[in-house]
Amino acid sequence: MVTNADRVWKRQMYRRLTWPFRNRLWNCYRIGRREGRHYLYFATKFRSVRRKQINYIFTFRIAAGCAQHGVQYSSFMKSLYESNIALNRKMLAFLSLYEPRTFQSLCEFVKKKHSEAVSQGLASAIAPTPSGVITRDMIQKVSKT
């Protein structure tokens, strides 16, 4: 059994749903109901598309901020992850857009970390090979002689 309160609630729900519409789309219940259902259908269908677009905008803003400071986006994100700096893309995009000095300090941190990694990498390449380890270079030297 449908009570009068249910009908009133249903009509109020569609009125709340269609408030941004104009003219008959909002004033007439039957037309507003159709448009409200249409609105809900597309809101559900394109939710993932909208999320992807927003993530693309975040990524683009971070990459633009990194380019200003001479850092690649991929190395920037990787260094932040490895350093346990837990800032999501939304916050990084906000920092790059509205807090340029804070974002610059993050870029400087990444540059410093990268230079330390490069110097450690060169040191490990120059270091002698531990005993019991056979490298390709050793095999090539043996095969040439």
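**Exercise 1.** Is Phe94 buried, partly exposed or exposed?

*Solution.* Start with the relative accessible area of Phe94, which is 40%. Now bring in the cut-offs: buried is under 20%, exposed is over 50%, and partly exposed is in between (1.4 Å probe, protein chains only). So Phe94 is partly exposed.

A quick note on the source: this is a predicted model, where local features need pLDDT of at least 70 and side-chain atom pairs count only at pLDDT 80 or more, while totals for chains, interfaces and linings use all residues. Residues are numbered from 1 along each chain as its sequence is written, and side-chain values use heavy atoms, leaving out hydrogens and water.

**Exercise 2.** Work out what kind of aromatic pair Tyr41 and Phe42 form.

*Solution.* First, the rules: rings of Phe, Tyr and Trp (its six-membered ring) pair if their centres lie within 6.5 Å, and planes under 30 degrees apart are stacked, over 60 edge-to-face, the rest tilted. A search of the whole structure turns up 7 such pairs. For Tyr41 and Phe42, the centres sit 5.0 Å apart with the planes at 80 degrees, so call it edge-to-face. Next, check accessibility: Tyr41 comes out at 46%, partly exposed, and Phe42 at 33%, also partly exposed.

**Exercise 3.** Classify the pair of Phe94 and Tyr98.

*Solution.* Take the distance, 5.1 Å centre to centre, then the angle between the planes, 45 degrees: the pair is tilted.
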